[in-house]
Amino acid sequence: MSPRETARLMGLRDSYVLPEKALEAYQLTGDGVAVPVVRYLAKWLLEPIVGGGSPWKHGAVSAPFPAQLKIPQFR
């Protein structure tokens, strides 16, 4: 996997300038956190804790995963 591919996995645009040395680029992307993951955790874990309740009780919002979503099974 190239440094550019790891950057893409972390949500960085192709226009983002990575360090020239591969090791430094890997360290940069390896130490990062993907923004969509943080948003998801904030919405479904942190905000309910801070707000004192579950966001999906009483039908306020839909469950975090659609009922028809099929989670792949790894063997």
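## One aromatic pair

Search this whole structure and you'll find one aromatic pair. The partners are Tyr40 and Trp44, and their rings sit 6.5 Å apart, centre to centre, with 45 degrees between the planes, so the pair counts as tilted. Those two numbers are what you need, because a pair of aromatic rings is described by the distance of the centres and the angle of the planes.

Keep in mind that you're looking at a predicted model.

## Where the pair sits

Which helix holds both rings? Tyr40 and Trp44 both lie in helix α3, which covers residues 35–51. They are four residues apart, about one turn of the helix.

Tyr40 is partly exposed, with a relative accessible area of 32%. Trp44 has a relative accessible area of 13%, and it counts as buried because that value is under 20%.

Leu46 lies in helix α3. Is Leu46 buried or partly exposed? Its relative accessible area is 48%, so Leu46 is partly exposed.

## How confident is the prediction?

The protein chain averages a pLDDT of 79, and 68% of the residues score at least 70.

Which element of the protein chain has the lowest mean pLDDT? That's α3, at 84, while helix α2 (residues 22–30) has the highest, at 93.

Methods:
Residues are numbered from 1 along each chain as its sequence is written. This is a predicted model: local features need pLDDT of at least 70, side-chain atom pairs count only at pLDDT 80 or more; totals for chains, interfaces and linings use all residues. Side-chain values use heavy atoms; hydrogens and water are left out. Rings of Phe, Tyr and Trp (its six-membered ring) pair if their centres lie within 6.5 Å; planes under 30 degrees apart count as stacked, over 60 as edge-to-face and the rest as tilted. Helices (H or I, at least four residues) and strands (E, at least two) are DSSP runs, numbered from the N terminus. Buried means under 20% relative accessible area, exposed over 50%, partly exposed in between (1.4 Å probe, protein chains only). pLDDT is the predictor's confidence in each residue, from 0 to 100.
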